[in-house]
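I opened this model to look up annotated sites and their surroundings. My notes follow the structure.

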Amino acid sequence: MNPKQQPSWAGTPEHARVLSELGTLPPLVFAGEVDVLKSRLAAAARGEAFLLQGGDCAETFSAATADRIQARVKTILQMAVVLTYGAQMPVIKMGRMAGQFAKPRSSDVETRGDVTLPAFRGDIVNGYDFTPESRAHNPQRMITAYNTSASTLNLIRAFTQGGFADLRSVHSWNQGFMANPAYHEYEQLAGEIDRAVHFMEACGADFEALKRAEFYAAHEALLLDYERALTRTDSRTGLPYDTSGHFLWIGERTRELDGAHVDFLSKVKNPIGVKLGPTTTGQDAIDLINKLDPEREPGRLTFITRMGAGKIREALPPIVQAVRDTGAQVVWVTDPMHGNTITSKNGYKTRRFEDVLDEVRGFFEVHRSLGTVPGGLHVEMTGDDVAECLGGSDPVVEEQFDSLYETVVDPRLNHAQSLELAFLVAEGLARR
Ligand SMILES: O=C[C@H](O)[C@H](O)COP(=O)(O)O
Ligand SMILES: C=C(OP(=O)(O)O)C(=O)O
């Protein structure tokens with residue numbers, strides 16, 4: 001079977017040249033870090049940690065600037081602080097960052113007026129501008145994606161290891177955002193953390209560990225040319241790792257058991273995720289476990305459920321029950337974005353923040369009633385003040401879309417909505 005959702009560039013000399021160049025470039029992540037992440041995820045599966053995955057729907061080359069990367073990292077750190085405080089357990093911080101450049105699409109083409117061109121498939125494949133040149137599939141873009149991922153990761157490492165993520169900076173991450181109620185709530189929490197930190201400091205505690213944050217990079221392993229070319233043999237163990245990111249996931253559109261994406265990810269040692277939509281059956285989930293995690297390795301497999309607010313309470317329980325009854329210990333993560341996409345009256349792809357919150361509530365309810373572990377949250381979000389999802393306590397309204405809608409594919413939570421969501425999840429975790 002031909003792999004789904006792939007570009008039409010195979011067989012050109014340029015394609016062969018780029019693949020051979022990618023094969024010689026250094027890995028973006030190291031197998032040792034990937035193994036540490038797997039052990040963290042094993043803790044999340046047991047209910048001893050919580051996974052926070054967040055970032056752009058589709059990263060773009062032009063938005064890989066210091067300010068924007070910093071805003072996203074800062075927002076994820078803020079959400080993580082809220083969650084850590086609420087859950088009183090470690091939060092695994094992971095960006096849909098430094099590699100989230102390939103997008104699956106519902107249609108191969110896009111029509112505007114009487115012009116039809118190839119659909120935009122992410123900056124790693126083609127450009128967003130609606131011209132034949134830009135929409136042509138260009139393998140050279142894989143090299144730009146590699147370089148952009150490398151520079152993004154470099155900055156993330158600098159921010160999270162070089163002092164910016166110091167927990168004693170919790171207040172400074174909030175600067176410039178004070179009007180929204182979520183920011184006030186955050187300020188109060190930051191104040192409580194400050195007092196606790198000062199108390200511990202006065203007691204002579206050692207704060208080395210608070211100066212740095214572990215931060216992992218994740219993306220959908222959609223573009224198989226790129227993922228295969230970045231797969232390397234680990235010199236310590238002789239085992240294959242996909243070194244394009246720490247954590248890779250298989251999307252809802254490419255998760256069939258005999259498909260090329262499942263086959264590829266069954267062969268690498270990274271911790272991996274699979275998106276599960278509302279048509280998934282319990283048997284589908286069991287088959288995926290048997291194929292992707294036959295050894296039942298702790299931390300290996302994460303199921304990211306994206307059911308939709310109206311469906312989660314019916315669709316999720318049979319899947320979770322079936323998996324629970326096999327004894328497999330996967331990480332259960334909620335993606336409250338992808339099942340809740342609608343089109344606004346003025347023609348924008350959007351999501352209602354209320355639906356996002358409701359899916360998260362449903363996720364916690366289902367796991368509470370089955371006695372299983374709600375292990376993480378996966379969101380499309382940005383650190384910027386965009387208007388792409390409707391609602392929130394400082395509500396985004398449709399009229400703002402014309403000036404503040406920036407995403408190139410799916411709508412993201414803005415900075416305030418992301419924080420608000422983190423408070424809701426923290427509440428759910430506190431009750432867990
Ligand atoms: O992010 C997810 C998918 O790429 C996206 O929802 C597909 O969008 P489309 O239906 O606009 O192609
Ligand atoms: C395409 C995505 O999601 P899904 O596969 O769940 O539709 C995504 O997370 O970018």
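**Set-up.** I am working on a predicted model, where local features need pLDDT of at least 70, side-chain atom pairs count only at pLDDT 80 or more, and totals for chains, interfaces and linings use all residues. Residues are numbered from 1 along each chain as its sequence is written, and chains are lettered from A and ligands numbered from 1 in the order in which they are written.

**Entry 1: first annotation.** I looked up "binding site" in UniProt, an unreviewed entry, and found R96, E252, R253, K275 and R306 listed. UniProt positions are in the numbering used here, feature names are shortened, and annotations may be inferred rather than shown by experiment.

I started with R96, which sits in strand β2 (residues 91-96). Strands (E, at least two residues) and helices (H or I, at least four) are DSSP runs, numbered from the N terminus. Is R96 buried or exposed? R96 counts as buried because 27 C-beta neighbours lie inside 10 Å. The cut-offs are 20 or more other C-beta atoms within 10 Å for buried, 12 or fewer for exposed, and partly exposed in between, with C-beta atoms placed from the backbone. Leaving out residues up to four places away in sequence, R96 touches Q53, G54, G55, D56, A218 and H219. Contact means C-beta atoms, placed from the backbone, within 7 Å.

E252 was next, in the loop between β8 (247-250) and α8 (260-266). E252 is buried, with 20 other C-beta atoms within 10 Å. Beyond four places in sequence, E252 contacts K275, G277 and R306.

**Entry 2: ligand 2.** Which residues are around ligand 2? I listed C57, P104, E220, G251, E252, R253, K275, R306 and H338. Near here means a C-beta atom, placed from the backbone, within 6 Å of the molecule. The shell divides into two nonpolar, two polar and five charged residues. Ala, Val, Leu, Ile, Met, Phe, Trp, Tyr, Cys and Pro count as nonpolar, Asp, Glu, Lys and Arg as charged, and the others, Gly among them, as polar.

**Entry 3: second annotation.** UniProt also places "binding site" (unreviewed entry) at C57, H338, E380 and D410. These positions are spread over 354 residues of sequence, yet cluster in space, with a largest C-alpha distance of 10.1 Å.

C57 is in the loop between β1 (50-55) and α3. I found C57 buried, with 21 other C-beta atoms within 10 Å. Its contacts beyond four places in sequence are E380, T407, V409, D410 and R412.

E380 lies in strand β14 (residues 374-380). E380 is buried, with 27 C-beta neighbours inside 10 Å. Its contacts beyond four places include C57, D410 and R412.

**Entry 4: β9 and β10.** Strand β9 (residues 272-276) pairs with β10 in the parallel sense over five bridges; pairing takes at least two DSSP bridges. K275 stands opposite I304 in β10. Why is β10 (residues 301-305) largely enclosed by the rest of the structure? Because five of its five residues are buried. L301, F303 and T305 cover one side, and T302 and I304 the other.

**Entry 5: core.** The largest nonpolar core has 111 residues, and L51, L52, V82 and L83 touch the most other members. Such a core joins buried Ala, Val, Leu, Ile, Met, Phe, Trp, Tyr and Cys through C-beta atoms within 7 Å. Helix α3 (residues 66-87) gives the largest share, ten residues.

Terms used
Contact = placed C-beta atoms within 7 Å.
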